Amino acid sequence: MHGNKRNELLQQLPTPLMFKQRGDSTYCLNTAFLSLFGISSDGKKGSEPTDFLFYDPLTKNELTGEKCPFQALEKGDVGSTWVRLQTPERSLHCFISGSTITDNGTQWLVFHIDANNRVTANNGNDSAGAQRHIEFNQLLTKFSSKLINASAQDLDVIIAQSLAAFGEFCDVDRCYLFEFSDDFALMSNTHEWVAAGVNPYIDELQNMPTKEMPYLIGHIEHGLFKVDDVRNIPDSAIAEREEFQKENICSILCSRIMADGKTHGFIGCDITGSPHTWSASDIEYLKRIGDMLGNTLQNIYNRKAIHTMQQELIEANRQLQKLANIDGLTGIANRRLFNTTLDKDLAQSCRKQDALSLLLIDVDFFKLYNDQYGHVAGDSVLQKVAQTLADSCVGTDDLVARYGGEEFAVILPSTTLPRAKDIANRIVENVKGLGIEHEASPHDGLLTVSIGIATQADSCDENCVELIDRADKALYRAKSTGRGCVCA
């Protein structure tokens, strides 16, 4: 068969082909190839190998040198592989098969291009379209199951995987998620997938004022932004048209994402190189992915709201517990907490056959102090004494409480009488060391305290009431012997 006839035959075959005679510098593209990649047939007799780039679809690295299919075929390596084939007009995920045909002594190098089934399905093949719907539903089910119980920490990874799967399935060049700020004033590209050989723009598309994209935002608020040919965007939106063209976007499709009852953002995809007519299935698939992400975000919002309510409830209960057990003036334990703690600690000391000491403390001549200096000053004194008591007790299990009026109590678990006396004497000195003026006091005109001590050893022959009574009697003796001292 003559070369021209062979050329004509290859041109007429319905399968996309790139072919040339060995030794020629250019490849011929048959009509099916031109149609597949949206290349105009006007004057398109041949194309230089440099017009085409091959990429590994997994690593996204360009296939050059010996890995380039052109060079491999020249050397007689006729393997088949998946590639991302980029032409000046379009790039597609393709399965390419190389072969060498000998015809009357002339060798023809031929590439057969089997595109992703997206093109076939969009060209009216009912069987392919039905199969494609089944495959998409399987894809959606896979990611829906991942997203059902996704945490906020897992969400970023799953969104990235979803965009990649959608981008590869629909054979687009770029797929992304934009999210709006709470006040809708800004939008940011939070996730982006790009095909091999396509430039990412995620870093440049952060905190973009929504008011600068009114044409896009107006359509998004109504649910869908669909542009088959960016050049057809009206001059009233010329700034947005130029922004898309700067990013080499020729066709764009975006679908609104709703969450928490408002527009959360939008999911979108682009075609670069040449315009593309979006099909009904393209729109359906993108909307369904967007709905899936919106439902997931809604679930996360709901879980966050429930968690927030739970934390608020816990905090409210904690505050109620605090109000129930803490003295409002001094900030230390109140009588209620003192009673329950002493009962618990005394029972525990009996079980362990360990000592427990109790201090009852009274501010000396406090009524006279109030009469002379006023109740505001009196409240300040009680606060300072309470803080001094807390600072003077170093045990992690010690409890300092306001027992009533100007009286305080200190529970000292695992504390013998000699040790309790040391702590009590330290308290007396520390309070006097505050240097609070009290003219009615016989102790150098300074505010002092008196302390009574009762210690329960390992005999467990007393209950709480009896222990308190002994400490109270010891306090009475301290006050009777001149105040500002300790008695046991």
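Biologist: How many helices and strands does the secondary structure of the protein come to?

Modeller: This is a predicted model, where local features need pLDDT of at least 70, side-chain atom pairs count only at pLDDT 80 or more, and totals for chains, interfaces and linings use all residues. Residues are numbered from 1 along each chain as its sequence is written, and side-chain values use heavy atoms, without hydrogens and water. Helices (H or I, at least four residues) and strands (E, at least two) are DSSP runs, numbered from the N terminus. The protein has 14 helices and 17 strands.

Biologist: What radius of gyration does the protein have?

Modeller: The radius is taken over C-alpha atoms, and the globule rule is 2.2 Å times the number of residues to the power 0.38. The C-alpha trace spans about 130 × 55 × 40 Å along its principal axes. A compact globule of 488 residues would come near 23 Å, but the protein has 42 Å.

Biologist: Which residues of helix α7 are buried?

Modeller: Buried means under 20% relative accessible area (1.4 Å probe, protein chains only). Helix α7 covers residues 214-221. Its buried residues are Leu216, Ile217 and Ile220.

Biologist: Which residue just after α7 takes a positive phi?

Modeller: The angle is about 115°. The residue is Gly223.

How values were computed
Buried < 20%, exposed > 50% of the residue type's maximum accessible area, 1.4 Å probe, protein only.
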